[in-house]
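Here is a short briefing on the fold and its contacts. Keep the viewer open while you read.

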Amino acid sequence: MNIYEQIAGNRRATWIIVSIFILFFLFAGLGFDVYYGAGVPVFTIIALLIGGISGYCSYHYGDKLILSSTHARPLDLNDPKQKQWQNVVEEMSIASGIPLPKTYIIDDPDPNAFATGRNPEHSSIVVTRGLLDTLNRDELQAVASHEMSHIRNFDIRLMLLIAVLVGSVALIADWARRGLFYRSERRSSRRGEGGGGAALIILAIWLITVILAPILSQIMAMFVSRRREYLADASGAELTRNPLALASALEKISARVEPTRSINQGTAHLCICDPKGSKMGLKEGWSADLFATHPPINKRIEALKHMAYVK
Amino acid sequence: MVGWIILGVLVVIVLWLIAVFNSLISLKNQVLNGWKQIDVQLKRRYDLIPNLVETVKGIMKFEQETLTRVIEARNKAISAQGIADKAVQENILTGALRQLFALVENYPNLKSNENVSKLQEELVSTENRIGFARQFYNDIATKFNIAQQTFPTNMIAGMFGFKQSELFEVAEAEKAAPKVDLNINK
């Protein structure tokens, strides 16, 4: 898959995901309106508004939100190690031919890095102090190339939208569940509703959807995120022409098991390695695959070594 | 009816011509920009070298020969004309710099000098930037050349006189690389 196919694929995925979420918001809102039977579809409008506003805000301000929530601050170029990081990022910007992203650092001893933003012109790369202390120059360059690929492929935009939409789905589902139980209590105390079997089935489907939506949207986010990691590894290696440096960087990062505390669950899928620690990253198999934000690190290292004809 | 169909086909052909022509122009400019980027990075290296030599001069009194060679190589590289000559001179300069850094390893007080290690990092980065700028140039020039050679774009490229871009030949430069001690650790 070349870079243009990747970008086109990402654009498609962005649209599909946004449409699925819009449908869900419509579905959740409509169900409520039918159930409550108000003349105006108030809940549909509210649900669509929540989805629309959070989508818009995430597109324009999501990166700033993420940067401030992780306490990221601009690099101090007088520090030799930070200057070196700035240099490798600039090198990768030349190699990939995209504008130089803004660079930030987090004071966290655990090695990790992530990229965010809405397009290559508005993008940031964040690194933890631990990563700078753990890796040598070649490995830092490899990590920078991986993040640069996320930016170049527009992965950052897709991930930003997903993060916020998953959040608002959880919000609406929660809100719908509470309202529903409140309502049904009141209703059953009054009289047996003569809605018939069909209405009951539809209600049941709606209920199941609303309850399962947060989990399903999580799984979908994880699925999308995992596929992007292999691609970013591969196109990062294409930039540095040195897949082994990325492999050894991943080995060093995964050797440190502590979780990255300053990076919370919402930002996990942006990182180069799962910030929850190594537990998920090392496990293989179906259930681990379903809920992990990243593919097992062994598989990634294997794929990279394969690229360098070491095996 | 037939008139409309012919008109429609003509419109489609013209639109297609415009699109192909514009994409070729955009590629051509990316190639030019890629070439400029190499020059920018080479300039960065020329500017760094006098600084470095100035910094280590005092302590490396007994290595005058190496220092002179670095400066000479730099001046020759600046004045080199043509891609082939430039590549040869740049490689001699790279070799001279590597030798200088190998010698720095012998001077513990230089190695621990903050200014020296800063300059060393800058030069390593500049070497990489030059390499990546060339890599990017070659990639984009190859894309431009392929676009000019494949059907049906080649007809339009021929019509408007687009020319193939020259690639940066690494093999050519490698042959001219001087024999130096490469056993240095960054």
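This is a predicted model: local features need pLDDT of at least 70, side-chain atom pairs count only at pLDDT 80 or more; totals for chains, interfaces and linings use all residues.

Chain A holds an open sheet of four strands. Chain B contributes a helix pair, α1(B) and α2(B), whose axes come within 11 Å. Chains A and B also touch, through nine residues of chain A and twelve residues of chain B.

**Sheet order and edges (chain A)**

- The strand order is β1-β2-β4-β3 in chain A, and the pairing is mixed.
- Strands β1 (73–74) and β3 (113–119) of chain A are the edges; each has a single partner strand, so one side of each lacks a neighbour in the sheet.
- Helix α2 (residues 42–69) of chain A packs on this sheet, where it touches β2, β3 and β4 (122–128) of chain A.
- The direction of α2(A) makes about 160° with that of β3(A).
- Helix α3 (residues 80–96) of chain A packs on the sheet as well, touching β2 and β4 of chain A.
- The direction of α3(A) makes about 145° with that of β2(A).

**Strand pairing (chain A)**

- β1(A) pairs with β2 (residues 102–106) of chain A in the antiparallel sense, over two bridges.
- A:R73 has A:I105 in β2(A) as its bridge partner.
- β2(A) and β4(A) run parallel and are joined by five bridges.
- On that pairing, A:K102 has A:S124 in β4(A) as its bridge partner, and A:T103 stands opposite A:I125 in β4(A).
- β3(A) and β4(A) run antiparallel, with six bridges between them.
- A:A113 stands opposite A:V127 in β4(A).
- A hairpin of two residues links β3(A) to β4(A).

**Helix pair in chain B**

- Helix α1 (residues 2–57) and helix α2 (residues 64–79) of chain B cross at roughly 165°.
- An angle over 145 counts as roughly antiparallel, and α1(B) and α2(B) therefore fall in that class.
- The crossing of α1(B) past α2(B) is left-handed.
- From α1(B), the contact takes B:Y46, B:I49, B:V53 and B:K57.
- From α2(B), B:L67, B:V70, B:I71, B:R74 and B:I78 meet them.
- By class, the contact of α1(B) with α2(B) has seven nonpolar, no polar and two charged residues.

**Contact between chains A and B**

- Which chain gives nine residues to the contact, and which gives twelve? Chain A gives nine residues and chain B gives twelve residues.
- α3(A) supplies seven residues, the largest share of the side of chain A that touches chain B.
- That side of chain A has three nonpolar, three polar and three charged residues.

- Most residues other than glycine have a negative phi, and most peptide bonds are trans.
- A:H71 has a positive phi of about 55° and is not a glycine.
- A:H71 lies in the loop between α2 and β1 of chain A.
- Is A:H71 buried or exposed? A:H71 counts as exposed, because its C-beta has 12 C-beta neighbours inside 10 Å and the cut-off is 12 or fewer.
- A:F154, also a residue other than glycine, has a positive phi near 65°.
- A:F154 is placed in the loop between α5 (137–152) and α6 (155–190) of chain A.
- A:F154 is buried, because 22 other C-beta atoms lie within 10 Å and the cut-off is 20 or more.
- The peptide bond joining B:F151 and B:P152 is cis, with omega about 0°.
- B:P152 belongs to the loop between α5 (114–149) and α6 (153–159) of chain B.

Notes
Residues are numbered from 1 along each chain as its sequence is written. Chains are lettered from A and ligands numbered from 1 in the order in which they are written. Two strands pair if DSSP finds at least two bridges between them. Two residues are in contact if their C-beta atoms, placed from the backbone, lie within 7 Å. Axes are lines fitted to C-alpha atoms, for helices over the stretch in contact, and angles run from 0 to 180 degrees between N-to-C directions. Ala, Val, Leu, Ile, Met, Phe, Trp, Tyr, Cys and Pro count as nonpolar, Asp, Glu, Lys and Arg as charged, and the others, Gly among them, as polar. Angles under 35 degrees count as roughly parallel, over 145 as roughly antiparallel, 65 to 115 as roughly perpendicular and the rest as oblique. A crossing is left-handed if the near helix is turned anticlockwise from the far one by less than a right angle, and right-handed if clockwise.
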